[in-house]
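Hi,

Here is the structure I said I would pass on.

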Amino acid sequence: KTFAVDGKVLTAVDDVSFSVPAGTTHALVGESGSGKTTTIRLLLGLDEPDAGEIAIAGENLAGRSHKDLRSVWRHLQLVYQNPFTSLDPTWTVERLVREPLDRFKVGTPAERSEQVREALSNVGLGEHLLSRKPGALSGGQRQRVAIARALVLKPDVIVLDEPTSALDVSVQADIVEVLLSLQAKLGLTYVFVSHDLALVRQLAHTVSVMQRGRIVEHGRVGDIFDNPQHAYT
């Protein structure tokens, strides 16, 4: 993926390739400017690659119509980095979690309400929070709401963009526990972007190390962390 900046061509992502087996977690690590965010935007269909292909469950995303891609996006959801800015402060918890169901016209109104409650329960939140707005929640509760919102469509893949970096250390451990238990319970596949190597070791099965838009090292987390082969790693 290239961008034109001040008359020059900037290569943001080049020759990046990885696959994630279903039910596992793959981490993308690297400093700012390494291409992690562009890679995620390509995966989510927010940008189009100049070359190469992206396939989800064997379906190539390139050249698909927006309508056709909606069915793919339903199974691929994003949890943003900062729950203090990613949730509309004027909406209730119920509306925030329910909105994806309304957008995709899933089920009857009664079925949608039940799915909202199920998603909240899966992240450890009670029904008493349904009428609250984000301002009345703690940081950890907000991120649980964001995860519930991503879960409510029953996706196969969740993209996690630094999901704990905006939270206190004490809260981070709770969110990690939620993510691990959800993966075990629902068989979710995670693509996980992070600077936090301790968190990557805890959450991920495989890792790609990115530098200047390229992957310099890729493999199982234990192998890469215990015996890195590239100087940058």
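**Notes on backbone and salt bridges**

Lys105 sits in the loop between helix H4 (93-103) and helix H5 (109-122). Helices here (H or I, at least four residues) and strands (E, at least two) are DSSP runs, numbered from the N terminus.

Before going on, some housekeeping: this is a predicted model, where local features need pLDDT of at least 70 and side-chain atom pairs count only at pLDDT 80 or more, while totals for chains, interfaces and linings use all residues. Residues are numbered from 1 along each chain as its sequence is written, and side-chain values use heavy atoms, with hydrogens and water left out.

Lys105 has a positive phi of about 55° although it is not a glycine. Why point that out? Because most residues other than glycine have a negative phi. Lys105 is also exposed, with a relative accessible area of 67%. For the cut-offs, buried means under 20% relative accessible area, exposed over 50%, and partly exposed in between (1.4 Å probe, protein chains only).

Asp15 is another one to check: its phi is positive, about 60°, and it is not a glycine. You will find Asp15 in the loop between strand E2 (8-11) and strand E3 (25-29), and it is exposed at 59% relative accessible area. Asp15 also turns up in a network of salt bridges with Asp14 and Arg214.

That brings me to the salt bridges, meaning a side-chain nitrogen of Lys or Arg within 4 Å of a carboxyl oxygen of Asp or Glu. By this rule the count comes to twelve. Some to look at:

- Glu99 pairs with Arg103, with the closest N and O atoms 3.4 Å apart. Both lie in helix H4, four residues apart, which is about one turn of the helix. Arg103 is partly exposed at 38% relative accessibility.
- Asp226 and Arg201 form a salt bridge at 3.3 Å, N to O. This pair links distant parts of the chain, with Asp226 in helix H9 (residues 221-226) and Arg201 in helix H8 (residues 197-203), 25 residues apart. Asp226 is exposed, with a relative accessible area of 56%, whereas Arg201 counts as partly exposed at 44%.
- Asp223 and Arg220 also meet through their side chains, again in a salt bridge (3.3 Å, N to O). Asp223 is partly exposed at 41% relative accessibility, and Arg220 is exposed at 55%.

Cheers
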